[in-house]
Amino acid sequence: MKKLYKKIIPLTLAIATLMGTACSKKAKIEVYDGYELHYQATDGDLANFLNNFAHRNLRYDDYSAGKFAVGRRYGLC
Amino acid sequence: MPWGDGTGFAKNWETMGLAWHNSSGTALGEDKMAKIYNHLVSIDQDELGMIYNSHNIRENSFLEIAEGAGVPQGWSFPSYWESTDDPTQFGKLRSLGSTSFEFNNLKDWQSEKWVAEGGKFEIDENTGYAYFSTDTLGVDDTFRFYRTDIEELIRAGGVMSEYSPFVELALDFKGNNLEDYYLIWKTKEGGDEWFSVAHNFVATTSNEAFSNYTDRCYLEMYFAENWDKQVITSIGLEFRPKEDEILNIRSGQIDYIRCQYDTRQSNPTYQWILSLYNYVRYTNDIEALKRLMPKARKALLFLTHALEGEKGLLDISYLYGHNGIGMYKKENGRYNFDTINGVGNGYWDLTVSSEKCLEANIYFYQALCAMADLEQRLIDAKVEISEKSIVRNRMPGGENVEYKFTVKSLNNLASIVKLNMQKEIKPVQNEDGGYDNLGGFWNSTTGRFASGINEETGAIADYGYVYWNLEAICAGIGTDEQQLSIMQWIDGQRTVAGDTSTGDDIYFYEFAPRFNTKDAYENLSPFAYATCNPFVEDCGTSFSKQVQNGGAVIAWTYYDIVARAKVLGADNAYARLQKIQTWYEKVQAAGGEGYEFYSAYYDTLAEETNKKTWGIFIKDKTAYGRYDLQQAETTGAGAIGLDAEFIESITFIKAIPDAFLGMETIGHNAISFKNNMPTELSLLQLNNLKFGDCVYNVRASANLLQIIVEKIEENGSIDGKVTIKFAEPSTDYKVYINEVETTDYVVENGEISVTVDFGNVCIKVK
């Protein structure tokens, strides 16, 4: 389910965010659940970075952020 | 799905990464908050109140040596298998100071080496268990099985009990008329005399369900008479009947008698308290708090009573081998290490923990504050808990201890702990020739907090521990002057004499500062030796080759940004955030995906370094291993903590609301924000945060802070208050609530504060 941020965000913020996003050359993770944590900022690249990092880590397995069976024998060494 | 499934050592950080935004329902694929709650309820707690690191489940009897799930009550190492030169050589003469008796399929454990009196005892190599029973005894007769050839197995002529302050057992049986079963042993000093202790006298959790007994239990043997500092030459179990009764034992099976280190830590207990706090403060789930508060109160008693935090500083010397004694260099230039000393006590498990150590006290302080808050929530919600929280005395046989703290006494103790921590560190030689720290943790010579002292030499352990200093600031520890001194060091504004890393080099790893700034190899714990040794042999140091010595872990950039915002201002914190962004964009540009997401970037960096150095046939020793990612299950140890087992990396994202929106909870059903926007950022909005039943957004610009309710959970309600704060402008201003000018605000300590019902609200100051 996609959420329509446009309904709640002032036009200025939406435009600024979209401009920032459009200018970004960095890869984005496109799939967001409508109710997952999401950042927006007038600095679109910053928002992209935060969203990408957050999503990659919050959906740890979906993005294969790491191979780790929690609770296995290994310590931090 | 690891999130929500993490073990206890990082539960605080896991919940910091999850609880404040929408992690319930299906937003993250599965309900993470439900998993957190299940963990809070189900994780084991012993009779001292200590929370286990992981659930106390039984091991498969056929696990290979060194393949166990660690010790649930503690940490994975030091482990019994580290008492040998070679973990596959248990029971052979190669054993150093200890061994374990594993009734699995190892050929060493033949039945004839075990002696049974009064019943049967037989090892079955096909099942991995030894089986025992008795039904032929007379009145008051006992049944025992034991092994007497230990002195032939171990160089020391027996198990050196310093390497085995605990004995861990995993066994099952059905018993009639059993008074208790006893661990029995002989010592080199005692000759043929048998010594014994009832299992329930020294077990961290007693178990008298003898009619159908099943347990994995841990015996605090260092409290047993004639065990500590002895060489154990025989060991076994004895089953004793109740007086004037005939004992009967059926279906007995035992997996092991494991001579074990004391790997308990203070860490999982305060991690659990703080994860409960994180859970409750954003869910406002008072029913969960009501259910879990008796457990929380016992957990606090482990910290205040067993670890003597009630005296003003947490002291982990109750835990055997938990001192600040690490490696040292011998006259021949080789490093000496001994697994009986310097046992780790926290997330940084290679680093020795002093008896009074900085990290433990930072979290003890936070646990006290959290408990005060949780107690106040119960009062505010008019919830009374009749169940008494009582724990076992720290000394076996002593009087039980009941929880009697109040909000006031918790806050008072927290204030004392904080003041004590801020005092100058003060090593003083004691009558035994060792050293005690009679002060706090501040080192005025370096202008930062030290970790503690080496209890053997009295040396101050100040290796520029960046992360612990940042955590102290974020916890509110340190005077204004102390906090500024710390940040000036980390920010490179000043240099500390003797540091290995200074100035910009502290941020060599771009995404976070180094864990420490002074090569700590000489003071790393014994367990670091195997990990660090290749680097030390090649480079003379492990600095910048290990996350715990010059390396970096991204979760701690949370503390860096929040501490910067607090001490050096939002613009400074924002500048650091932008540098992290730059680093991340370089990582993305390297093109890695999945498991290789980060390593593609770091492999390139390592390759470039090698080209420069190997091109002229000179190995750059300082670069060797510098870009190794730590991935425990694949490449092993490393200098960089980003992915794989570092699931707490997500903690970083909480820096945004905490540093720039001043997100705080302030009691039952109350949350607050403080506008702390950086000058460069015109507008910031965080969507899908969670407070109680409400999913909401928060938006901020220079003079605005707005709450926008997105949805309310089915059958939920908006119930609570929100306080919105701004720094008071130096010029004339007016305050507006939803575009309507208001005088309903408070000005205190240079802050404008507006409190309204939680819901759609926009506060402006202009």
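**Note on the two-chain predicted model**

1. B:Ala670 has B:Lys721 as its bridge partner in E30(B). The model is predicted, and the points below should be read with that in mind.

2. Strand E26 (residues 670–674) of chain B runs parallel to strand E30 (residues 721–727) of chain B, and the two pair over five bridges.

3. Both strands belong to an open sheet in chain B with five strands, ordered E25-E26-E30-E34-E33. The pairing in this sheet is mixed. Its edges are strand E25 (664–665) and strand E33 (746–748) of chain B, each of which pairs on one side only.

4. Elsewhere in chain B, which residues form the negative surface patch? The patch consists of B:Asp140, B:Asp141, B:Glu243, B:Asp244 and B:Glu245.

5. Is B:Asp141 buried or partly exposed? Its relative accessible area is 34%, so B:Asp141 counts as partly exposed. Patch membership requires over 30% relative accessible area, and the 34% of B:Asp141 is therefore enough on that criterion.

6. Chain A has 77 residues, of which 53% are buried. How many helices and strands does chain A contain? Chain A contains two helices and one strand.

Notes
Residues numbered from 1 in each chain as written. Chains lettered and ligands numbered in written order. Predicted model: local features only at pLDDT ≥ 70, side-chain atom pairs only at ≥ 80, totals over all residues. Heavy atoms only, no water. Patch = residues over 30% accessible without salt bridge, like charges linked within 9 Å, V, L, I, M, F, W, Y side chains within 5 Å. Areas by Shrake-Rupley, 256 points an atom, 1.4 Å probe, with all protein chains shown as cover. Salt bridge = Lys/Arg side-chain N within 4 Å of Asp/Glu carboxyl O. Lys, Arg positive; Asp, Glu negative; His and termini not counted. Charge placed at Lys NZ, Arg CZ, Asp CG, Glu CD. Buried < 20%, exposed > 50% of the residue type's maximum accessible area, 1.4 Å probe, protein only. Pairing = 2+ DSSP bridges. Helix = DSSP H or I, 4+ residues; strand = E, 2+ residues; numbered from the N terminus.
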